[in-house]
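Reader: I would like to go through this model by question and answer. Please give the cut-offs as the terms come up.

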Amino acid sequence: LHTCAIMQDGTVRCWGCNVSGQLGDGGAVSTLSAVAVAGLSGQAVSLAAGDLHTCARMADGGVKCWGENASGQLGDGTTATTAIPVPVVGLGGEASGVFAGSRFTCATLAAGGVKCWGDNSGGQIGNGEAAWLLAPGASVK
């Protein structure tokens with residue numbers, strides 16, 4: 001229910017539903033007009049929008065996420081929802097891609113492999129377990 005775009009200068013703008021801060025503008029007010037993602041330092045090179053969260057792969061290879069985090073889908077080691085970007089911790093290398101699901105997120109790594117985090121109640125993060133991960137865990141098997 002929300003959309004984001006990378007602008008020519010590498011900044012990110014989002015619009016739509018914002019009940020969990022998934023627009024990244026620091027608030028929780030939905031909007032029909034694009035708003036700038038607050039505090040996203042550096043240039044974004046790709047985006048992934050889940051149901052109520054958004055993640056950006058940055059030019060430096062890091063990943064930053066914002067929005068709903070009840071299942072740990074932001075990858076910052078907490079379950080605290082935030083309306084501004086937070087860095088994903090423990091990737092173990094530069095990300096080459098980022099993908100968001102309903103309550104989970106995955107990143108492909110430049111050196112190879114995939115790391116996922118968040119809701120794993122149905123085994124959707126692919127590590128052979130059914131427990132949530134609050135930050136990137138073992139690579140997908």
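Author: Helices (H or I, at least four residues) and strands (E, at least two) are DSSP runs, numbered from the N terminus. The model is predicted, so local features need pLDDT of at least 70 and side-chain atom pairs count only at pLDDT 80 or more, while totals for chains, interfaces and linings use all residues. Residues are numbered from 1 along each chain as its sequence is written, and side-chain values use heavy atoms, with hydrogens and water left out.

Reader: Where is the place of Asn18?

Author: Asn18 is buried, at 0% relative accessibility. Buried means under 20% relative accessible area, exposed over 50%, and partly exposed in between (1.4 Å probe, protein chains only). The place of Asn18 is in the loop between β2 (12-16) and β3 (31-36).

Reader: Which backbone nitrogen does the side chain of Asn18 reach?

Author: Asn18 touches Leu23, Gly24, Asp25, Gly27, Ala28, Val29 and Ser30, not counting residues up to four places away in sequence. Contact here means heavy atoms within 4.5 Å. A polar contact is a pair of N or O atoms within 3.5 Å; within protein, one must be able to donate a hydrogen and the other to accept it, and residues adjacent in sequence count only if both atoms are side-chain atoms. At 2.8 Å, the side chain of Asn18 reaches the backbone nitrogen of Leu23.

Reader: In the open sheet of β1, β2 and β3, what is the order of the strands?

Author: Two strands pair if DSSP finds at least two bridges between them. β1 and β2 pair in the antiparallel sense over 5 bridges, and the bridge partner of Thr3 in β2 is Trp15. The 3 strands of this open sheet pair antiparallel, in the order β1-β2-β3.

Reader: What is the bridge partner of Thr105 in β10?

Author: β9 (residues 104-109) and β10 run antiparallel, with 5 bridges between them. Both strands are mostly covered: 5 of 6 residues are buried in β9, and 4 of 5 in β10 (residues 114-118). Thr108 stands opposite Val114 in β10, and the bridge partner of Thr105 in β10 is Trp117.

Reader: In the hairpin of β9 and β10, which residue takes a positive phi?

Author: This hairpin has 4 residues between the strands. The positive phi is near 110° and belongs to Gly112.

Reader: Which side chains meet in a salt bridge?

Author: A salt bridge is a side-chain nitrogen of Lys or Arg within 4 Å of a carboxyl oxygen of Asp or Glu. By this rule the count comes to 1. The N to O distance is 3.6 Å, and the side chains are those of Arg103 and Asp119.

Reader: Is Asp119 buried or exposed?

Author: The pair links distant parts of the chain, 16 residues apart, with Arg103 in the loop between β8 (95-100) and β9 and Asp119 in the segment after β10. Arg103 is partly exposed, with a relative accessible area of 44%. At 2% relative accessible area, Asp119 is buried.

Reader: Which residues touch the most other members of the largest nonpolar core?

Author: A nonpolar core is a set of buried Ala, Val, Leu, Ile, Met, Phe, Trp, Tyr and Cys residues joined through side-chain atoms within 4.5 Å. The largest has 13 residues, and those touching the most other members are Val63, Cys65, Val88 and Leu91.

Reader: What separates the C-alpha atoms of Val86 and Trp66?

Author: Val86 lies in strand β7 (residues 82-87) and counts as buried at 16% relative accessibility. Val86 touches Val63, Lys64, Cys65, Leu74 and Asp76, not counting residues up to four places away in sequence. Trp66 is 20 residues from Val86 along the chain, and their C-alpha atoms are separated by 6.3 Å.
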